[in-house]
Amino acid sequence: MNRRKFIRVAAVSVGSLTLPLRSLPAENNIPKEILKPASMITPKGKFYVLQIGDVPTLKAEHWRMGVTGLVEKPVMLNYENITGMESVTAMRTLKCIGDPIGSEQMSNAMWTGVPLRNILDKAGIKAEAKVVVFLCADGYHTAIPIDRALREEVLLVYRMNDEPLPANHGFPVRLLNPGHYGTKNPKWIMNITLAESHVGYWEARDWDPIARVKLATLIGTPSNDEVIQAGGTYTISGAAFDSGNHGGIERVEVSIDDGMTTSVDDVSTWEAADIWGSDSPLAWYLWKYKWKVPDNPGEVEISARAIANDGLTQKEAGFDADPAGAVGYHFVRAEIVKG
């Protein structure tokens, strides 16, 4: 088995992108366009969920959050204190650090909350404080550096897609820390402590303490081993994301033959896709590519890559989620058949 085939098998067996085989017969030679993701906002029931244990049951009227540690004045806040502050509503994408290439542990929502720095200002930060530590109701804990915590885009959120934050997404309050994987976006926050240092839950298990999101591209359609009709057109689609670490996505490219160059004119066979959905570098970019399906039946391998606004081109190498997050192209195999 060659390396690319191993990449494909590993990603599909570990990830959640396992759709049933389906054939897309054309109607009047114009197949219906099916996009995945189909919209910028992930429905609540399809937003990925991961945690270290059971979902805590917390009531807003009983919940309290302390701001303690290396502060000038400890603060205790309740739910009404938080929701009564001037709010910010913004679109953000979350991605799991353990997400294998091509799975679906990446989702996007509209969130409402308050800048974390407004909360920290209430307590006052002592000069010796270096990290902000989050202690959560499920026993999880992690920390982020002070300079990252004070960015205006870092939010303590209490609403998701214009509804109260669901229990499995961190009710009453969770952190949104753009640029970093889900390990640095803790849920069910009960206490915020300023400290000189802290070793978090996953860091103690040898996962990356910084957890910066890597440039990534997901192919949503076709699914692996999908059957596609020969001779028509088919819309390849997916999402790309860098969480703002490289200035957002400049373009996405698709190849049906691994981006090989032709022997005649040495021209790459990567083709530009259309970005049809975007908000900001902190949310995913949705793309699609209209593919003229060959007339001849057979197996093809489709790949996609992103090019960031700072010029970084996603690399082929890498296939699994190491302790710092997965890298590499997403490859999907499809079968072209005669109608």
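Tutor: Begin with a term: a pocket is an open set of grid points with protein on both sides within 12 Å along at least five of seven lines, and its lining residues have an atom within 4 Å of a point. Keep in mind that this is a predicted model.

Student: Which residues lie nearest the centre of the second largest pocket?

Tutor: The second largest pocket holds about 370 Å³ of space. Its lining consists of 16 residues. Those nearest its centre are Lys36, Pro37, Thr42, Lys46 and Glu104.

Student: How many residues in the lining of the second largest pocket are charged?

Tutor: The lining of this pocket divides by class into nonpolar, polar and charged residues. Nine are nonpolar and four are polar. The charged residues number three.

Student: Which residues are the closest to the centre of the largest pocket?

Tutor: The largest pocket has a volume of about 430 Å³, and 24 residues line it. The closest to its centre are Leu50, Gln51, Gly182, Thr183 and Trp202.

Student: How many nonpolar residues are in the lining of the largest pocket?

Tutor: Its lining includes seven polar residues and three charged ones. The nonpolar count is 14.

Student: Turning to the sheets, why is one side of strand 2 and of strand 6 left without a neighbour?

Tutor: The sheet in question is open, with five strands in the order 2-1-10-5-6 and mixed pairing. Strand 2 (75–78) and strand 6 (141–145) are at its edges, so each has a single partner strand. From one strand to the next, the twist averages 20°. The reason asked for is the position of both strands at the edges.

Student: In the open sheet of four strands, what is the average angle between neighbouring strands, direction ignored?

Tutor: This sheet has the order 11-13-17-16 and antiparallel pairing. Strand 11 (216–221) and strand 16 (274–277) are the edge strands, each pairing on one side only. Direction ignored, neighbouring strands are turned against each other by an average of 35°.

Student: What is the bridge partner of Asp274 in strand 17?

Tutor: Strand 16 and strand 17 (residues 285–292) run antiparallel, joined by three bridges. In strand 17, the partner of Asp274 is Lys288.

Definitions and conventions. Residues are numbered from 1 along each chain as its sequence is written. This is a predicted model: local features need pLDDT of at least 70, side-chain atom pairs count only at pLDDT 80 or more; totals for chains, interfaces and linings use all residues. Side-chain values use heavy atoms; hydrogens and water are left out. Two strands pair if DSSP finds at least two bridges between them. Helices (H or I, at least four residues) and strands (E, at least two) are DSSP runs, numbered from the N terminus. Axes are lines fitted to C-alpha atoms, for helices over the stretch in contact, and angles run from 0 to 180 degrees between N-to-C directions. On a 1 Å grid over the protein atoms alone, a cavity is a set of points where a 1.4 Å probe fits but cannot get out, and a pocket is an open set with protein on both sides within 12 Å along at least five of seven lines; lining residues have an atom within 4 Å of a point. Grid points are joined across faces, edges and corners, and a volume is the space filled by probe spheres set on the points. Ala, Val, Leu, Ile, Met, Phe, Trp, Tyr, Cys and Pro count as nonpolar, Asp, Glu, Lys and Arg as charged, and the others, Gly among them, as polar.
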